[in-house]
Amino acid sequence: YNHNLDTSREYYPKVVSTRTYDDRLNTVKNVREAGINVCCGGIIGLGEEDDDRVGLLHTLATLEEHPESVPINALVPVAGTPLGDKLLARGIHPTWDDMVRMIAAARIVMPATMVRLSAGRLEFSKEAQALMFMAGANSIFTGDTLLTTPNPEFNEDNAMFEMLGLEGKPPHQPHRKSPYIHIDDTIFTRHANAMASASQ
């Protein structure tokens, strides 16, 4: 389940007004407690400072359990939106080395997590993306559109992987047992499974 924190707690109110940072953290907590894998990362290039990037990674790395997946997105400002117009007027945009540093730091503090090179990849050269993989990214989002942001086509990514000598993992294999049991429209979580196993 994807639910990004976007940025640090301190910078968050400057870019989001529809929900609080604690709302986001509570959603992540609820997803985890439901037995669903967590995909939770952020966006750089919102006008934040380096301290905000550190704050985001600190929050993710000090969750009770690290997210299985952490997307690192580079904001692509959209003209005609309040934030996009402001950033475009100020000439603010994340650079390739901003992305490399963020990915490397995420890899260090969350060593078992899939660090995803995500939105904004079209803004960076193949060489820059190669450095991002070397810095610790080990996943991408494929498809020619990510919500509102253009993305490289599948064939382009395959060609880049071949050029870089990278080999994709096989498709995800579903778990053999669901974390849920459905009986008379009642849902018991995996805790009920554990209790049933213990009583046998």
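This is a predicted model: local features need pLDDT of at least 70, side-chain atom pairs count only at pLDDT 80 or more; totals for chains, interfaces and linings use all residues.
Visitor: Why are β1 and β4 called edge strands?

Guide: The four strands form an open sheet with parallel pairing, in the order β1-β2-β3-β4, and β1 (42–44) and β4 (139–140) each pair on one side only.

Visitor: What makes β2 largely enclosed by the rest of the structure?

Guide: A residue is buried when its relative accessible area is under 20%, and six of the six residues of β2 are buried, so the strand is largely enclosed by the rest of the structure. Ser69, Pro71 and Asn73 point one way from β2, while Val70, Ile72 and Ala74 point the other way, and all are buried. In a regular strand the side chains alternate between the two faces of the sheet.

Visitor: Why is α2 called roughly parallel to α4?

Guide: Helix α2 (residues 50–61) and helix α4 (residues 96–109) pack at an angle of about 25°, with their axes 10 Å apart; because angles under 35 degrees count as roughly parallel, α2 is described as roughly parallel to α4. The crossing of these two helices, α2 and α4, is right-handed.

Visitor: Which residues make the contact between α2 and α4?

Guide: From α2 the contact is made by Arg53, Leu56, Leu57 and Ala61, and from α4 by Asp98, Met102, Ala105, Ala106 and Val109. By class, the contact of α2 with α4 has seven nonpolar and two charged residues, with no polar ones.

Visitor: What is the phi of aspartate 6, and how do you know whether this residue is buried or exposed?

Guide: Aspartate 6, in the segment before α1 (21–33), has a positive phi of about 80° although it is not a glycine. Most residues other than glycine have a negative phi. The relative accessible area of aspartate 6 is 10%, and because buried means under 20%, aspartate 6 is classed as buried.

Key: Residues are numbered from 1 along each chain as its sequence is written. Side-chain values use heavy atoms; hydrogens and water are left out. Two strands pair if DSSP finds at least two bridges between them. Axes are lines fitted to C-alpha atoms, for helices over the stretch in contact, and angles run from 0 to 180 degrees between N-to-C directions. Angles under 35 degrees count as roughly parallel, over 145 as roughly antiparallel, 65 to 115 as roughly perpendicular and the rest as oblique. A crossing is left-handed if the near helix is turned anticlockwise from the far one by less than a right angle, and right-handed if clockwise. Contact means heavy atoms within 4.5 Å. Ala, Val, Leu, Ile, Met, Phe, Trp, Tyr, Cys and Pro count as nonpolar, Asp, Glu, Lys and Arg as charged, and the others, Gly among them, as polar. Buried means under 20% relative accessible area, exposed over 50%, partly exposed in between (1.4 Å probe, protein chains only).
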